[in-house]
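Colleague: I would like to learn how to read charge pairs and overall shape from a model. Can we work through an example?

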Amino acid sequence: MTTETQQETLGFQTEVKQLLSLMINSLYSNKEIFLRELVSNASDAAEKLRYEALENGDLYEGDGELNIRISYDKEAKTVTIADNGIGMTRAEVVDHLGTIAKSGTASFLGQLTGDESKDSQLIGQFGVGFYSSFIVAKSVDVYTRKAGADSSEGVHWSSEGEGEFTLATVEKAARGTQIVLHLKDGEEEFADGNRLRHLIKKYSDHIALPVIMQQEAPLEMPAAEGEEAAEKEAVVLEDETINAASALWTRNKSDVSKEEYSEFYKHLSADYTDPITWSHNRVEGKNEYTSLLYVPTTAPHDLWNREAPRGLKLYIQRVFIMDQVDEFLPLYLRFIKGVVDSASLSLNISREILQKDPNADKLRAALTKRSLDMLTKLSKDEDKYQTFWKAFGNVIKEGPAEDYANREKIMKLMRFSSTHNENDAQSVSLASYIERMNEGQEKIYYVTAENYNTAKNSPHLEIFRKKGIEVLLLTERIDEWMMSHIFDFDGKSFQDVAKGELDLGEKENEEDKKAQEEAAKEAEGLTDRLKECLTDKVSEVRVTNRLTDSPACLVLNAYDMGAQMKAIMEAAGQSAPDSKPIFEINVEHPLIQKMDSETDEDRFSDLANIIFDQADLAAGGQLDDPASYVARLNKLLLELSK
Ligand code: ADP
C-alpha cells in the first residue's frame with residue numbers, strides 16, 4: 001500500500017454536478033461508450049507526450065513505446081484503463097477532472113430539457129469525455145503522474161461522481177494515467193475479457209496506438225476424482241494488441257470500412273452522431289499531405305458562437321502537432337471536422353509561424369476546395385442534402401462575403417424556399433431556378449421577409465403569380481445581408497421584388513407599359529393628394545405595376561436597406577439609416593377608387609393612413625404607431641355600421 005499524503009477533498013464545479021446527474025440518465029442506453037471516451041483520452045495523452053518529446057526526449061524516461069493497457073478483475077468488479085502518455089500534475093487534475101473548461105457550457109446546460117432522448121443527443125454533441133465513467137462506475141480512482149516529474153509526484157484522484165472528489169499525493173513509478181472503474185452493481189458485465197475486446201474493436205480500432213490486453217488464461221480442467229491436482233505450471237500470459245493500431249488516415253480508403261470512418265469521426269469530434277459524409281484524400285508531390293474531412297449530421301450547440309473552438313487536427317508526418325487549427329478552413333466552413341497530416345510543414349511549427357507559412361496558405365486553399373467539392377457531391381443526394389442544409393445552410397450563406405474566389409461554387413450549394421414549391425422546404429437551387437425561367441426572363445427574382453408565410457403572401461408577388469414567374473422566398477435573418485454580397489449567378493442578376501422599379505424583362509409587353517403610363521397620368525391628382533397627406537411617411541407615391549389584388553404596397557428605393565438588415569444593425573447596437581419607402585397604389589382596386597372620390601379631407605387622410613399602414617403590415621413591418629392605426633380603423637368600422 002503506498003502512502004498517501006497531502007489529502008484534500010474538493011467540490012466539483014456546479015456545471016460538472018449538473019452534467020453528471022443528467023448524463024447518467026440520458027446516456028444510460030448507450031453506456032458502453034465510456035470505454036471509447038477513456039481510450040480516446042488516453043490516446044490524446046500519448047499524442048501530447050509525443051509532441052512535447054520532439055523538444056525534450058527525456059520525457060520518455062527511457063520508454064518510448066506508447067500504448068494503452070486495459071485490464072479487469074472479475075472478483076473486484078473493476079476495469080482499468082492505463083496509458084503511458086503525458087499524465088497530469090496535481091493542478092491539472094483539479095482543473096481537468098473537477099471542472100468543464102469547454103466554451104458554451106452554460107448555454108449547453110440551459111438547453112437541456114429533461115427529455116431523455118433529446119438530451120442524450122445534445123449531450124452527445126457536447127461530449128462528456130471522462131465523466132462518462134460514472135455511467136457504469138460507482139466510484140473511480142485515477143492515478144496519474146506527469147511525464148518528466150519525480151515518481152513521488154503522483155496524484156490519486158477519487159470520486160463517487162456526486163458532489164466532490166478527493167486528492168492525494170502518491171508514489172507512482174510509471175509515467176501516465178491509470179483509471180480504475182469500480183463497477184456499479186449490475187454492470188459487472190464489463191469486467192469481462194470478451195466484452196472488452198469486442199468494445200475495443202468496435203469503438204477504438206482506429207486509435208493509432210496499440211490497445212493492449214493480456215491474453216486470457218486457459219480454462220482450468222477440474223481435477224479428476226481421487227487424483228491429486230497435478231502441480232500446475234505457471235502459465236505466462238502474453239500481451240495482445242486488440243486494435244488495428246495504425247492511424248486511420250494513413251490506411252488505404254479501400255481498407256477502411258464505413259463504421260471505422262464513423263468511429264474515427266466520433267473520436268475526433270466528441271459527437272456521438274454519425275457524420276453525414278466525409279472525404280479522404282492523399283496528395284503527393286511538393287506539398288504532400290493527407291486529409292480526412294467530415295461533415296457532421298447535426299449542428300453543434302455552439303455553431304453560432306464565433307469564439308467557439310473549431311478547426312482541424314494537424315499532424316506532421318504522423319505526429320500530432322495541434323488541435324483546432326483554424327487556419328486551414330474559412331469561417332463559413334467551421335462545422336467541418338477532420339485531420340490534416342502534412343509532410344511539408346516543419347515539425348516544430350507553432351501557431352504563430354503557421355499563420356505566416358505559405359505552405360499553410362496553399363493547404364487552406366486546397367482544403368477549402370476539397371470541402372466545397374465534398375458538399376457538392378453530397379448535394380446530389382437530395383434527402384441527405386436537406387438534412388445538411390437545415391443544419392448548416394445559414395453558415396454556408398456567410399461564404400460569398402468571406403470567400404469571394406469561391407463565390408460561384410458556394411452559390412451552387414445554396415437552397416431556397418420558392419413560389420415554385422408547395423411548402424416551405426428550402427430546396428430550390430439557383431441552377432434549377434434558371435432552368436425553369438420564363439423565356440426572355442433576365443433576372444432571378446426574390447423577396448425577403450421575416451418568415452415563410454409573410455414572404456409567400458407578400459403583395460409584391462401578385463404580378464409574378466399572374467405572369468407565372470418564379471420568386472425565391474428568402475426568410476432567414478442572414479439572407480438580405482448575403483444578397484448584398486452576391487450580384488449575379490450564371491450571368492443573371494438578382495432582383496429584390498420589393499425594391500426599385502419593377503422590370504419584368506420582355507414579359508412586360510409594350511401594351512402593358514403604355515397602359516401603365518396612361519394610368520399614371522390619369523391618377524396624378526390622387527398621387528399628388530396622397531403625397532401631401534403622407535409626406536412624413538413616404539418618399540414618393542406612384543401607380544403600381546406589381547399588384548393585382550391588393551390596394552397598395554410599399555417599395556424600397558433600389559439602394560435602401562431592407563427590414564432584415566435594419567434588424568441586424570439594430571441588434572448589433574448600430575442605428576440603421578432612416579429611409580422612407582415609395583407608396584405604390586393599385587388604381588384598379590375599389591378601395592383606392594373610393595379614396596379617390598372622397599371629398600372630406602379628414603376621411604381621405606384616415607383612409608390613406610390606413611391603407612399605408614396595411615401595406616406596411618402585409619410586408620411584415622412593425623407599425624410606428626399601431627394605436628393610431630387601430631383608432632382610425634375603428635372609426636371607419638363604426639361609420640359602416642351606422
Ligand atoms: P475532453 O477530452 O473532451 O477535453 P474530458 O472530460 O474527457 O474532456 O477530459 C478533460 C481533460 O482531462 C482532458 O482534456 C485532458 O487534459 C485531461 N485528461 C483526461 N484523461 C487523461 C489522460 N488519460 N491523460 C492525461 N490527461 C487526461
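**Charge pairs and shape**

Modeller: Lys266 and Asp274 join their side chains in a salt bridge, with 3.0 Å from N to O. This is a predicted model.

Colleague: What is the general idea behind such a pair?

Modeller: Side chains of opposite charge can pair when their charged atoms come close.

Colleague: Is Lys266 buried or exposed?

Modeller: Lys266 counts as buried because its relative accessibility is 11%, and buried means under 20%. Asp274, at 38%, counts as partly exposed.

Colleague: Which residue does Arg334 meet in a salt bridge?

Modeller: Arg334 meets Glu398, again with 3.0 Å from N to O. Arg334 lies in the loop between β13 (319-325) and β14 (337-342), and Glu398 in the loop between α11 (382-396) and α12 (399-402), so the pair ties together parts that are 64 residues apart in sequence. Arg334 is buried at 9% relative accessibility, and Glu398 is buried with a relative accessible area of 7%.

Colleague: How many salt bridges does the count come to?

Modeller: The count comes to 41 salt bridges. One further pair is Glu61 with Arg145, whose closest N and O atoms are 3.0 Å apart. Glu61 sits in the loop between α2 (33-53) and β2 (68-73), and Arg145 in strand β4 (residues 137-145), so this pair links parts that are 84 residues apart in sequence. Glu61 counts as partly exposed at 36% relative accessibility, whereas Arg145 is buried at 2% relative accessible area.

Colleague: Where do Glu510, Glu517, Glu518 and Glu522 gather?

Modeller: A patch takes in like charges that have no salt bridge. Here the four glutamates Glu510, Glu517, Glu518 and Glu522 form a patch of negative charge on the surface. Glu517 belongs to helix α18 (residues 510-522) and counts as exposed, because its relative accessibility is 57% and exposed means over 50%.

Colleague: How should I read the radius of gyration of the protein chain?

Modeller: Set the value beside that of a compact globule. For 642 residues such a globule would have a radius of gyration near 26 Å, but the protein chain has 34 Å. The C-alpha atoms fill a box of roughly 120 × 60 × 50 Å along the principal axes.

Colleague: What does the secondary structure of the protein chain come to?

Modeller: The protein chain has 23 helices and 22 strands. Of its 642 residues, 50% count as buried.

Notes:
Residues are numbered from 1 along each chain as its sequence is written. This is a predicted model: local features need pLDDT of at least 70, side-chain atom pairs count only at pLDDT 80 or more; totals for chains, interfaces and linings use all residues. Side-chain values use heavy atoms; hydrogens and water are left out. Patches are made of residues with over 30% relative accessible area and no salt bridge: like charges are joined within 9 Å, nonpolar side chains (Val, Leu, Ile, Met, Phe, Trp, Tyr) within 5 Å. Accessible areas come from the Shrake-Rupley method with a 1.4 Å probe; for residues, only the protein chains shown count as cover. Lys and Arg count as positive and Asp and Glu as negative; His and the chain ends are not counted. The place of a charge is taken as NZ of Lys, CZ of Arg, CG of Asp or CD of Glu. Helices (H or I, at least four residues) and strands (E, at least two) are DSSP runs, numbered from the N terminus. Buried means under 20% relative accessible area, exposed over 50%, partly exposed in between (1.4 Å probe, protein chains only). The radius of gyration is taken over C-alpha atoms; the globule rule is 2.2 Å times the number of residues to the power 0.38.
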